[in-house]
Amino acid sequence: MVVRVLDTVFPRSCAGCRSGPWPFCNECLARLRPIEPPWCERCGNPTDEPQATCQDCPPPSLTSMRSAFVYDGPARRAVLRLKFSGWRDVAPAFADAIVGAREVADVDVVTWIPLARARRAERGFDQARALAVAIARRTGRPARRQLRRPISTAPQARRSGAERRMAMHGAFRASRPAPPRVLLVDDVLTTGATLAAAADVLRGAGAVEVHAVTAARSIARRRHALRRPARTAYPQAGSRPGLWLPGDPPR
């Protein structure tokens, strides 16, 4: 009821362009690029033909990886608004996309890549935690802090994969013993260095499987399969807090 009233008085705008309806207007919806098969079965990297592993696969500490969208266009702008502009409703919208793809592994707990204390204070909240909590609610699994980040690493955007891996060494500590199967959540997958460093720590704390999911992924090599529009996954746009999924009746 409260959400409906707020939507009427302060209607949310498109997370991609800020001018259309929530969560994505028709124009932005057509430009979203969901990551779907064919792909690498292990890391979810789009490929022209299905394959078991690929040259972009992460270190063995990560059992599997999946991402909802290619990190460009409306998806990229939505992630940036989640991270830097406090658009917290973007987290459950992305969670709908991740869980709706039915590629989330069966796990014991959902956790996230934590921000360092100073960075969290600067932004006001932890966007990966918001995404993890939303995924946990949709999968019926507990969301639990398993990691802490005692040091704040410098921005990784312009670093190579090797530089990122070196920078992330020792960035995380376990905050408690880990159960056998863990789902590790972050906002964007680039080289996988951050997720791999966190997975190493989770393995050291007792995890046997560490599966990772992100809202979006940077793709270095473009594939024909990525040219399909997102309308098959999200056929309508509206003001409800989430994305329309196949078979999901209007609310």
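Analyst: The largest nonpolar core has 38 residues, and those with the most contacts inside it are Phe-24, Val-90, Phe-94, Leu-131, Ile-135 and Val-185. A nonpolar core is here a set of buried Ala, Val, Leu, Ile, Met, Phe, Trp, Tyr and Cys residues joined through side-chain atoms within 4.5 Å; buried means under 20% relative accessible area, exposed over 50% and partly exposed in between, with a 1.4 Å probe and protein chains only. The model is predicted, and local features need pLDDT of at least 70, side-chain atom pairs count only at pLDDT 80 or more, while totals for chains, interfaces and linings use all residues. Residues are numbered from 1 along each chain as its sequence is written, and side-chain values use heavy atoms, leaving out hydrogens and water.

The elements that each supply at least two residues of this core include α3, α4, α6 (127-139) and β5 (181-189), where helices (H or I, at least four residues) and strands (E, at least two) are DSSP runs numbered from the N terminus. Helix α4 gives the largest share, seven residues.

The axes of α3 (residues 73-84) and α4 (residues 90-100) come within 9 Å and cross at roughly 135°, the axes being lines fitted to C-alpha atoms over the stretch in contact, with angles from 0 to 180 degrees between N-to-C directions. Where the two helices meet, Ala-75, Ala-78, Val-79 and Leu-82 in α3 face Val-90, Ala-91 and Phe-94 in α4.

Lys-83 forms a salt bridge with Asp-187, the closest N and O atoms being 3.5 Å apart, a salt bridge being a side-chain nitrogen of Lys or Arg within 4 Å of a carboxyl oxygen of Asp or Glu. This pair links helix α3 to strand β5 across 104 residues; Lys-83 counts as buried at 18% relative accessibility, as does Asp-187 at 6%. Arg-138 forms another salt bridge with Asp-96, at 2.6 Å between the closest N and O atoms, and it links helix α6 to helix α4, 42 residues apart. Here Arg-138 is partly exposed at 33%, whereas Asp-96 is buried at 10%.

Notes: Contact means heavy atoms within 4.5 Å.
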